[in-house]
Amino acid sequence: DYKDATFATNSKLLAENNMKYGVYSYSMYENASDARTEAKALYNRAPNASFYINDYEEETVTSGTSDESTQAWLDEMRKYSGNKKVLLYSYEDFMLNHTATAVQSYDGYWLAAYQDAQPEREHVLWQYTDSYYSEELDQNVDANVLGPNVQTSWFI
């Protein structure tokens with residue numbers, strides 16, 4: 001139920017400057033029905049986003065399987081998002097143990113792997129740290145790079 005307090009302001013500024021953006025939901029669904037509700041809520045909050053991300057990295061499913069629920073999230077999002085990209089974000093071990101089948105249906109995989117070398121696992125984005133110092137923000141932030149042979153235009 002958490003809503004980003006700055007989203008309305010930021011999305012308005014992005015729209016005014018003709019900038020495209022993506023949004024994500026930190027998913028905590030307990031079953032397939034709950035996953036569909038979470039996907040619809042994300043879309044309703046950001047219908048003008050250029051792409052959507054299901055951030056599923058914590059086992060919360062209590063009925064059915066994580067694969068089924070993660071697929072249900074995607075199927076629901078596809079009802080609304082049309083041909084916009086939909087990604088799954090997670091770290092590799094969690095993905096392999098909980099969503100290895102569902103991830104194959106997503107447009108891409110955003111891999112969290114805090115290591116020095118580009119991971120061999122196929123991915124469109126790689127989050128390589130959560131402690132990159134940003135001089136502009138004067139704080140540590142997550143940092144990501146595009147996967148091999150992926151251009152920013154892929155997302156939009």
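Six strands, β1 to β6, form an open sheet of mixed pairing in the order β1-β2-β3-β4-β5-β6, where strands are DSSP runs of E of at least two residues, numbered from the N terminus, and two strands pair if DSSP finds at least two bridges between them. Because β1 (22-26) and β6 (139-146) stand at the edges with a single partner strand each, one side of each is left without a neighbour in the sheet. Neighbouring strands of this sheet are turned by 30° against each other on average, direction ignored. The model is predicted, with local features requiring pLDDT of at least 70 and side-chain atom pairs counting only at pLDDT 80 or more, whereas totals for chains, interfaces and linings use all residues. Residues are numbered from 1 along each chain as its sequence is written, and side-chain values use heavy atoms, with hydrogens and water left out.

Within the sheet, β3 (residues 85-91) and β4 (residues 108-112) run parallel and are joined by 5 bridges, and L87 stands opposite G108 in β4.

Helices (DSSP runs of H or I of at least four residues) lie across these strands: α2 (residues 32-45) lies across β1 and β2 (51-55), at about 145° to β1, while α3 (residues 66-81) lies across β1, β2 and β3, at about 155° to β3. Such angles run from 0 to 180 degrees between N-to-C directions, with axes fitted to C-alpha atoms, for helices over the stretch in contact.

R36 has its place in helix α2 and is partly exposed, with a relative accessible area of 34%, a class between buried (under 20%) and exposed (over 50%), for a 1.4 Å probe and protein chains only. Leaving aside neighbours within four places in sequence, R36 is in contact (heavy atoms within 4.5 Å) with A72 and E76.
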